[in-house]
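This report goes through selected backbone and sheet features of the model shown below.

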Amino acid sequence: MGGLEKKKFERGAATNYITRNRARKKLQLSLPDFRRLCILKGIYPHEPKHKKKVNRGSTAPRTFYLLKDIKFLLHEPIVNSFREYKVFVRKLRKAYGKSEWSTVDRLKDNKPTYKLDHIVKERYPTFVDALRDLDDALSMCFLFSTFPRTGKCHVQTIQLCRRLAVEFLNYVIASRSLRKVFLSIKGIYYQAEVLGQPVTWITPYAFAHDHPTDVDYRVMATFTEFYTTLLGFVNFRLYQSLNLLYPPKIDGQADVELKPAEGKEYAMDSESYLEKLSALTSSLARVVAPTHEEEVELDEFPVEGETAEQMDARKKEQEALEKHKKLFEGLRFFLNREVPREPLAFVIRCFGGQVSWDKSLCIGATYDVSDPSITHQIVDRPQVQQQVVGRYYLQPQWVFDSVNAKLCLPVADYFPGVLLPPHLSPFVTEQEGDYIPPEKLKLLAMQRGEEPGEESEEEEEEEEEEEDNNDKEEEEEEEDESEKEEEMKLKKLEEQKTQSNKALLVTVTAGKLRLEDKQRLEQEQQSEEKRLAIMMMKKREKYLYKKIMFGKKRKVREANKLAAKRKAHDAAVKEEKKKSKKARRA
Amino acid sequence: MAQASRAPRRSRTLEDDSSLEENKALLAQNEYEEDSSDEEDIRNTVGNIPMEWYQDFPHIGYDLEGKKIYKPIRNKDELDMFLEKMENPDYWRTVQDKMTGADIKLTDEQIDLVHRLQKGQFGDVHFNPYEPAVDFFTHEVMIHPVTNRPADKRSFIPSLIEKEKVSKLVHAIKMGWIKPRKPKDDTPTYYDLWAHEDPNSILGRHKMHVPAPKMKLPGHEESYNPPPEYLLSEEERLAWEQQEPAQRRLSFVPQQHRSLRAVPAFPRFIHERFERCLDLYLCPRQRKMRVNVDPEDLIPKLPKPRDLQPFPTTQALVYRGHTSLVRCLSISPSGQWLVSGSDDGSVRFWEVSTARCMKTLPVGGVVKSVAWNPNPTICLVAICVEQSVLLVNPCLGDKLLYGATDQLLESFVPPEEERVQPVQWVPATMEEHSKGIRLVVQHSKAVKQVTWHGKGDYFASVVSDNSNMQVLIHQSSKRWSQNPFRRSKGLVQCVLFHPIRPYFFVATQRYVRVYNLLKQELTKKLMTNCKWVSSMAIHPGGDNIICGSYDSKLAWFDLDLSTRPYQLLRHHKRALRSVAFHKHYPLFASGSDDGSVIVCHGMVYNDLLQNPLLVPVKVLKGHVLTLDLGVLDVLFHPTQPWVFSSGADGTIRLYT
């Protein structure tokens with residue numbers, strides 16, 4: 001023996017973690033302040049590997065933070081400003097109570113503020129880190145920018161969110177980096193590729209919010225506080241990377257166009273600036289005047305260890321991307337007033353199209369309905385009264401589907417009043433064995449360059465007719481067959497009766513050569529071998545194996561279920577069609 | 001004066017309203033009332049009190065004589081009111097005086113006043129609100145003072161109060177209580193934060209940093225117009241509604257909208273954002289290693305059964321005849337004859353190659369166990385029936401052989417001194433003798449199992465009892481029995497002789513004890529790790545034992561290795577009923593209640609360092625489950641790689 005007595009929980013995992021309450025006491029902060037700090041600094045609880053060891057032998061549910069994280073918080077300058085703010089509030093309350101208005105003014109002048117710049121830099125040491133974490137920031141800013149200017153949070157926050165969101169949209173338009181759009185029942189998902197990083201965000205549909213009561217807006221506001229700071233810096237950098245002015249300015253010549261002609265004041269200058277920007281129709285001013293439409297031919301840098309095939313593939317991909325970016329180049333759209341203006345304008349502009357709307361709808365309309373050069377008019381009504389020749393009237397889904405398909409889809413399916421084809425999620429990449437909806441298969445074929453077109457429909461109809469004929473014939477045949485069978489049966493019965501009357505006839509019939517399917521035998525043998533081997537597995541491995549196989553089987557089952565559902569649905573639709581056709585004929 | 005001014009006015013009204021007699025009467029009453037009152041403004045006697053107090057009375061107050069002053073009669077109903085409204089041209093200017101309850105007609109002046117007040121004008125007609133303003137003082141600076149008063153002394157000396165205030169402020173500034181206004185921060189809000197970014201700068205804590213997982217991207221089912229197969233059917237929707245919100249695989253019900261115009265707002269949008277926020281800062285994070293193995297790699301690489309042939313693969317023969325479940329099987333050492341005992345109270349002898357029942361021996365009781373004498377020169381079968389063990393000479397095969405057996409049994413000379421035996425050896429009666437029964441060993445309790453020693457002289461029987469009399473060892477040539485154990489060590493399931501050495505295995509519920517018969521001591525105690533051992537078999541080499549148990553496990557013991565099982569095989573789904581080793585081939589089989597016989601290759605190497613190789617090679621199925629029982633006994637052919645199994649369906653099957 002010798003040395004000091006070893007005590008429990010003084011080394012190892014127990015010393016690496018700290019409970020929330022102890023952390024709070026160490027930092028001398030109230031719980032709301034601690035939460036704010038955690039949100040701003042991005043500190044989160046950790047799940048220890050052995051909870052009982054960390055929890056000093058107890059199994060009570062507790063949240064643990066890393067002690068290192070908490071120590072790291074100790075030196076945070078923001079903690080001090082939290083305390084200062086607390087003191088400020090106390091002083092202010094006192095001054096109000098004593099009606100010392102000069103003191104109140106003085107205190108308000110010296111209100112403690114803090115900046116989050118250093119935290120942004122600390123949490124995201126490189127710009128790419130910040131881009132990777134942009135999803136939540138964007139979604140939150142887009143949500144806050146749709147809030148009404150009353151009640152739930154500060155008006156300044158809402159305005160700032162709106163500004164930042166519009167700035168980001170303008171960047172995406174300018175850089176043509178939008179890749180995917182998805183209209184879900186929750187909202188609209190967008191995915192852009194910013195400097196090689198996929199950034200996905202969701203915006204709600206433009207309706208007034210029914211503010212829930214079980215949501216803590218303070219938490220959301222704290223998150224938004226951080227996210228606005230982050231997004232501001234990111235925007236700045238993004239604009240810089242495109243040589244655009246920040247804060248964004250509308251291009252001079254476009255600005256003149258946008259001025260209301262009648263000289264009537266539209267809104268205050270500060271407001272109309274944001275409105276014009278959010279119209280998304282005009283291009284932004286650049287720091288350096290752009291040399292017009294230069295086609296940058298990419299230099300080829302052969303990467304070592306890359307074969308010619310890979311190079312070719314890469315080149316092809318690059319070309320496809322360029323083509324995708326110019327999807328709506330040269331097309332002129334007009335949005336009717338019933339379609340959501342902002343998402344459509346954003347998407348169309350992102351792919352190089354020109355867009356306009358009714359002048360009374362929003363600022364920023366560039367041309368009129370009667371403009372003869374309009375190629376597509378987006379309509380969301382069952383029918384259009386006065387149609388102008390020379391343009392397509394389409395439902396808004398066409399725009400989104402075309403973007404996701406990376407090609408301008410045939411317009412016939414999207415005319416007003418027509419039953420729309422399903423809108424598929426562009427975020428799903430089907431793996432081997434997954435269920436793929438038939439629409440997706442069609443789309444993939446179209447992308448490969450095959451032309452399924454209308455022929456298939458005609459064929460289908462023909463087939464149907466043929467089938468109709470066949471059915472009738474078959475029915476007749478069946479009737480014949482059944483009659484024949486009955487006759488045969490009767491005959492047999494008679495024969496049997498006659499036989500039983502006679503003495504038992506023993507006859508030897510010629511045996512048939514049983515053909516053994518070698519392949520099947522082989523398969524059976526292999527499967528049996530496998531079964532036997534599975535029997536010999538160790539308990540733990542068998543458990544794991546069964547778990548994996550269960551997951552696989554479930555996947556297959558789900559795919560099969562979807563396929564069966566689809567089949568049933570298609571059959572029902574076909575039946576309906578047939579019926580209606582027959583009714584029409586009759 | 002007031003009276004005077006009022007009188008002419010009233011007379012005028014009287015002239016106006018001459019048509020209404022009722023009014024006249026009323027007014028007359030009013031006049032009278034007025035006369036009685038004094039010259040004050042308030043014309044009732046009760047004073048300025050809330051008039052509701054008199055609401056329910058016909059009078060208001062009392063006069064000087066103490067008589068009630070009655071209210072003017074108001075018995076107008078709705079119709080009268082209406083008529084009055086229609087007929088009286090002054091109705092609109094008539095108001096009721098609450099103090100007296102009388103109707104008063106407003107004069108023109110009064111109406112004018114009301115109008116003016118309603119318009120927000122002054123009540124007095126003659127008041128002019130827009131008279132030109134006259135300054136009290138001129139705005140021009142004059143050289144002479146307005147007053148001639150000399151200046152006060154206090155205007156020459158500084159104010160003490162102000163001094164006090166200033167000194168307080170100065171003190172506060174000195175003490176740092178009052179801070180100067182902060183200079184305005186004029187750095188831009190946003191700038192290039194990552195201008196000098198260091199790609200290698202990673203914070204110390206980032207070693208443990210677990211980045212938050214991204215939100216799951218939406219699938220087809222979230223679309224506003226999904227393919228029809230993604231919509232929930234009625235049952236699925238009901239199931240979805242009944243599930244706990246945390247258990248649902250989808251947090252929403254897929255919906256189909258005909259057009260984008262019809263899509264409503266998502267009611268839980270803010271909730272979802274909020275939940276994401278909560279996840280980001282409240283949810284404990286942990287790195288989880290996902291097992292990324294190909295399930296095929298987990299399957300052990302075993303030698304192919306094809307390379308381990310011969311072993312039984314197909315069902316060759318079915319021995320039918322028994323009417324109840326066949327409990328036990330035994331085979332003659334030559335492999336020509338098979339004996340089976342059944343619950344129908346009979347023992348049948350079969351020819352193995354033809355499945356022909358050669359002989360049926362009714363014994364009048366459930367046959368628990370049969371055992372053919374392993375000595376090829378003796379033709380004797382031990383049969384357990386109720387409380388006795390019958391030694392039967394089946395009289396099959398070589399006549400010389402079974403004749404010699406009979407001679408051997410008859411050559412017994414009873415010892416001179418009668419010894420106390422735990423059982424009774426009774427020679428068979430004539431009738432029994434004709435059936436083939438030679439000897440009857442009568443036990444005190446029912447016998448469960450009987451097994452022969454390899455030499456064919458000794459046999460052991462197991463009695464279902466709790467005492468130390470559970471296991472008995474008999475010597476057939478000397479008709480002599482003994483009880484080897486002094487104390488019971490638990491319920492004995494089965495016993496077994498070692499094929500070569502003088503060892504004796506006794507399986508109780510959970511342990512197998514190995515006794516040395518020569519030294520008469522316990523040599524080993526094997527832990528089976530099973531709940532209840534059902535059967536036991538020994539490898540012909542004598543170093544390996546398998547134990548089947550009712551908890552569907554099969555334990556392989558290597559006696560040289562350890563007292564714990566070398567391997568526990570969980571091949572069967574239900575309880576194991578019996579296990580068997582082949583005499584020559586490296587095969588062992590197990591029969592179970594699930595109706596299957598599993599044949600395994602069990603190679604034992606002479607090299608002590610090499611562990612036995614166990615490979616399942618065949619699952620044989622054929623028996624029909626009856627009464628939840630499947631296979632009751634399995635048995636290998638002594639020379640061929642064939643296996644027999646007897647089942648609860650009353651058949652015996654041979655697999656070759």
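Predicted model: local features only at pLDDT ≥ 70, side-chain atom pairs only at ≥ 80, totals over all residues.

Strands of a sheet pair through backbone hydrogen bonds, in either a parallel or an antiparallel arrangement.

## Strand S12 of chain B and its partners

S12(B) covers residues 388-392 and pairs with two strands described here: S11(B) and S14(B). S11(B), residues 381-385, runs antiparallel to S12(B), and five bridges join them. Within this pairing, Cys384(B) has Val389(B) of S12(B) as its bridge partner. S11(B) and S12(B) form a hairpin with two residues between the strands, and Glu386(B) in this hairpin takes a positive phi near 50°.

The pairing of S12(B) with S14(B), residues 437-442, is also antiparallel and extends over five bridges. Here Val392(B) stands opposite Ile437(B) of S14(B).

## Burial of S12

How many of the five residues of S12(B) are buried? Five of five are, and the strand is described as mostly covered. In a regular strand, side chains alternate between the two faces of the sheet. For S12(B), one side carries Ser388(B), Leu390(B) and Val392(B), while the other carries Val389(B) and Leu391(B). Residues on both sides are buried, so both faces of S12(B) are covered, a residue counting as buried when its relative accessible area is under 20%.

## Chain B as a whole

Chain B contains ten helices and 33 strands. It has 656 residues, of which 40% count as buried. Among contacts in chain B with a separation of 6 or more, 48% are between residues 24 or more positions apart.

## Backbone exceptions in chain A

Most residues other than glycine have a negative phi, and most peptide bonds are trans. Which residues of chain A depart from this pattern? Ser99(A) is one of them, with a positive phi of about 55° although it is not a glycine. Ser99(A) lies in the loop between H6 (77-97) and H7 (101-109) of chain A. With a relative accessible area of 42%, Ser99(A) is partly exposed.

Two further cases lie in the loop between H12 (217-241) and H13 (252-258) of chain A: Asn243(A) and Pro247(A). Asn243(A) is a residue other than glycine with a positive phi near 60°. Asn243(A) counts as partly exposed, at 40% relative accessibility. The peptide bond from Tyr246(A) to Pro247(A) is cis, with omega near -5°.

How values were computed:
Residues numbered from 1 in each chain as written. Chains lettered and ligands numbered in written order. Heavy atoms only, no water. Buried < 20%, exposed > 50% of the residue type's maximum accessible area, 1.4 Å probe, protein only. Helix = DSSP H or I, 4+ residues; strand = E, 2+ residues; numbered from the N terminus. Pairing = 2+ DSSP bridges. Contact = heavy atoms within 4.5 Å.
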